[in-house]
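Subject: Structure handover

Hello,

Here is the structure we talked about. Please open it next to this message and follow along.

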Amino acid sequence: MKVFVFDLDGTILIDSHNIHPSNLRAINMLIEKNKRIIFASGRMLPSVRKLLKRYFSTEFPIIAYNGSVVWTPEHGKIMELRIEPKRAAEIVETLRDLKIHRQAYVDDKLVVEEDNEYARSYSEHSQIELTFVDDLAKLVAEHGATKLLAIAEPERLDAIVPKLRERFNDVLIFKSFSNYLDFVPSQTDKGRALRVLAEKLGFDLSDAVAFGDNDNDVALLQSVGLGVAVRNGTKGLKEVADVVVEENFLGGPGNFILDLLARGLID
């Protein structure tokens, strides 16, 4: 095992801002052993970098926006996908008609057109300031979007997903949290992004271990030699995982790694 890939929210984080102590200890031990560490998140790139900077003095390769962006400290962005401008504007207008909060990620900025509890809560969650515009549809019609996000009560999102997927069948639509509905370019997934990273940095995916908790981690776990889900993960992810470990709030990923280290199974 030479490469370790970690999802953040629901996997190594115990809340929006903190890595569980067991996970932190395990990652630091892997760093000492010169293992390659990668973080793969649905969060925007600046949010991931800001969070990691609190814990580590070095920077790591990052898969952000659920796989729309791949970044390395040495090369910067080596991949960036976008929802094309016309389609992004149509999605924003549809969500607006449905009276569901919508926000866009454009040039690594978190952009909204309404100042409400959803926007403020997400800003706190991601630790990223909001950028306000008068017309979000107009903005994305000019620039496209790395990702769009709808936020509402879980049952409201569940009710609209089938029609949204039917209308926007050239865009991937899935939940990253029970109350978050992501819209990303059709080619986007964390597994594909990891393959791009492996080719650029020259490592073998069969030597990689990946940890996740949600359906947006399915392709990631399927792309590596060992896929690990936390017990609080979705049913779909646990079905494809090779191993299921303790919940995120118990430090499951870290405890799993620390046990392997203690048994000499990670050289």
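This is a predicted model. Start at strand β1, residues 3-6. Val 3 and Val 5 point to one side of β1, while Phe 4 and Phe 6 point to the other. All four are buried. In a regular strand, side chains alternate between the two faces of the sheet.

β1 has a partner on each side. With β2 (residues 36-40) it pairs in the parallel sense, over 4 bridges. With β12 (residues 208-212) the pairing is also parallel, over 4 bridges. Val 5 has bridge partners in both: Ile 38 in β2 and Ala 210 in β12.

Now the whole sheet. It is open, has 8 strands and mixed pairing, and runs β5-β4-β3-β2-β1-β12-β13-β14. β5 (76-80) and β14 (243-245) are the edge strands, each pairing on one side only. Neighbouring strands are turned by 20° against each other on average, direction ignored.

Next, β2 and β3 (residues 62-64). They pair in the parallel sense over 2 bridges. Ala 40 stands opposite Ile 63 in β3.

Helix α2 (residues 21-32) touches β1 and β2, and its direction makes about 140° with that of β2. Helix α3 (residues 45-53) touches β2, β3, β4 (69-72) and β5; its direction makes about 140° with that of β3.

Last, Ser 176 in strand β10 (residues 171-177). Its relative accessible area is 13%, so Ser 176 is buried. Its side chain makes a polar contact with the side chain of Asp 182, at 2.6 Å. Leaving out residues up to four places away in sequence, Ser 176 touches Asp 182, Asn 214 and Asn 216.

Best wishes

Key:
Residues are numbered from 1 along each chain as its sequence is written. This is a predicted model: local features need pLDDT of at least 70, side-chain atom pairs count only at pLDDT 80 or more; totals for chains, interfaces and linings use all residues. Side-chain values use heavy atoms; hydrogens and water are left out. Buried means under 20% relative accessible area, exposed over 50%, partly exposed in between (1.4 Å probe, protein chains only). Two strands pair if DSSP finds at least two bridges between them. A polar contact is a pair of N or O atoms within 3.5 Å; within protein, one must be able to donate a hydrogen and the other to accept it, and residues adjacent in sequence count only if both atoms are side-chain atoms. Contact means heavy atoms within 4.5 Å. Axes are lines fitted to C-alpha atoms, for helices over the stretch in contact, and angles run from 0 to 180 degrees between N-to-C directions.
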